[in-house]
Amino acid sequence: LDVFFNLYVLVTTANSPDVMMPAYEVSWAYSIFFIVFIIVNTYVFMSLFLAVVYNDYKKHLKNEVRKLVYMKHRKMIEAFNILKTKNGAEFVVPHSRWRQLVKLVAADIPSSHRELLWRVLDDEQKGYLGRESFIGLADLLNIQIVQMKDRVHPLEKCMPRVYRSTISKLICRMVAHRAFRYTYDVIIIINAIFIAGDEMNPLITKAEWAFL
């Protein structure tokens, strides 16, 4: 039993090479068995084992996702059948009922977000939603919308006239230019060369002061 347990631990290479040292002291040829054992189990058997586990997990996850999508689609159809009203020859959900529904389901989203959702669903601006458009509401509610704000430079807040002056704009264009970035990279490389050089050389010492 100890032999099988040691070989089982050897699959994880936790007891390697201690487990083969007694046999290696008898003859170095015994080490070939342990090397082949590690190669076969670690790189072949474990890879196959992980592949089987991953495939089963992926299959199970796919079935779970398919089930959740089906349930969500079914619930949205049930909600549509409850909220629908007849408009001519088709059943639709008017804007007023849709707005009440979104307020109840997602009360924390702002009104601008609700308006954006309505514009996406009612792309033709009919004032109501059909069945397929209404079902898409569940997917849109899962999308996180982040509102981006323009960042104002601190100098523009403190001294707006100086920041918006002609000289300031010229400096901004120079810094944003590609040539400025390349020049800065060249200076960094030259500085690194001087740092790696001999500090006893007076030329290198003066050059370092120049970079400072």
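**Entry 1: exposed or buried**

I start with a definition: a residue counts as exposed when its relative accessible area is over 50%, as buried when that area is under 20%, and as partly exposed in between. I keep in mind that this is a predicted model. I looked up R119 and found a relative accessible area of 52%, so R119 is exposed.

**Entry 2: salt bridges**

How many salt bridges does a search of the whole structure find? I got 3. Side chains of opposite charge can pair when their charged atoms come close.

R119 forms a salt bridge with E115, and their closest N and O atoms are 3.6 Å apart. Both residues sit in helix α5, 4 residues apart, which is about one turn of the helix. E115 has 34% relative accessibility, so I noted E115 as partly exposed.

Next I checked E78 and R74, whose closest N and O atoms are 3.7 Å apart in a salt bridge. These two are 4 residues apart in helix α3, so about one helical turn separates them. E78 is partly exposed at 35%, and R74 is partly exposed at 42%.

Then came D139 and K72, whose side chains meet in a salt bridge at 2.7 Å, N to O. D139 is in helix α7 (residues 137-141) and K72 is in helix α3, so this pair ties together parts that are 67 residues apart in sequence. I noted D139 as partly exposed at 42% and K72 as partly exposed at 32%.

**Entry 3: a buried charge**

Where is D122 placed? I found D122 in the loop between α5 (111-121) and β3 (128-129). D122 is buried and has no salt bridge; K126, the nearest side chain of opposite charge, is 6.7 Å away. I then looked at backbone nitrogens. The one of K126 lies 2.9 Å from a polar atom of the D122 side chain, and the one of G127 also lies 2.9 Å from a polar atom of that side chain. Leaving out residues up to four places away in sequence, D122 touches G127, Y128 and L129.

**Entry 4: the sheet**

I followed β3 into its sheet. The sheet is open, with 3 strands in the order β1-β2-β3 and antiparallel pairing. β1 (85-87) and β3 are at the edges with a single partner strand each, so one side of each has no neighbour in the sheet. Strand β2 (residues 90-94) is joined to β3 by 2 bridges, and P94 stands opposite Y128 in β3. Helix α3 (residues 30-83) packs on the sheet and touches β1, β2 and β3, with its direction at about 90 degrees to that of β2. Helix α4 (residues 95-105) lies across β1, β2 and β3, running at about 55 degrees to β2.

Key
Residues are numbered from 1 along each chain as its sequence is written. This is a predicted model: local features need pLDDT of at least 70, side-chain atom pairs count only at pLDDT 80 or more; totals for chains, interfaces and linings use all residues. Side-chain values use heavy atoms; hydrogens and water are left out. Buried means under 20% relative accessible area, exposed over 50%, partly exposed in between (1.4 Å probe, protein chains only). Lys and Arg count as positive and Asp and Glu as negative; His and the chain ends are not counted. A salt bridge is a side-chain nitrogen of Lys or Arg within 4 Å of a carboxyl oxygen of Asp or Glu. A polar contact is a pair of N or O atoms within 3.5 Å; within protein, one must be able to donate a hydrogen and the other to accept it, and residues adjacent in sequence count only if both atoms are side-chain atoms. Contact means heavy atoms within 4.5 Å. Two strands pair if DSSP finds at least two bridges between them. Axes are lines fitted to C-alpha atoms, for helices over the stretch in contact, and angles run from 0 to 180 degrees between N-to-C directions.
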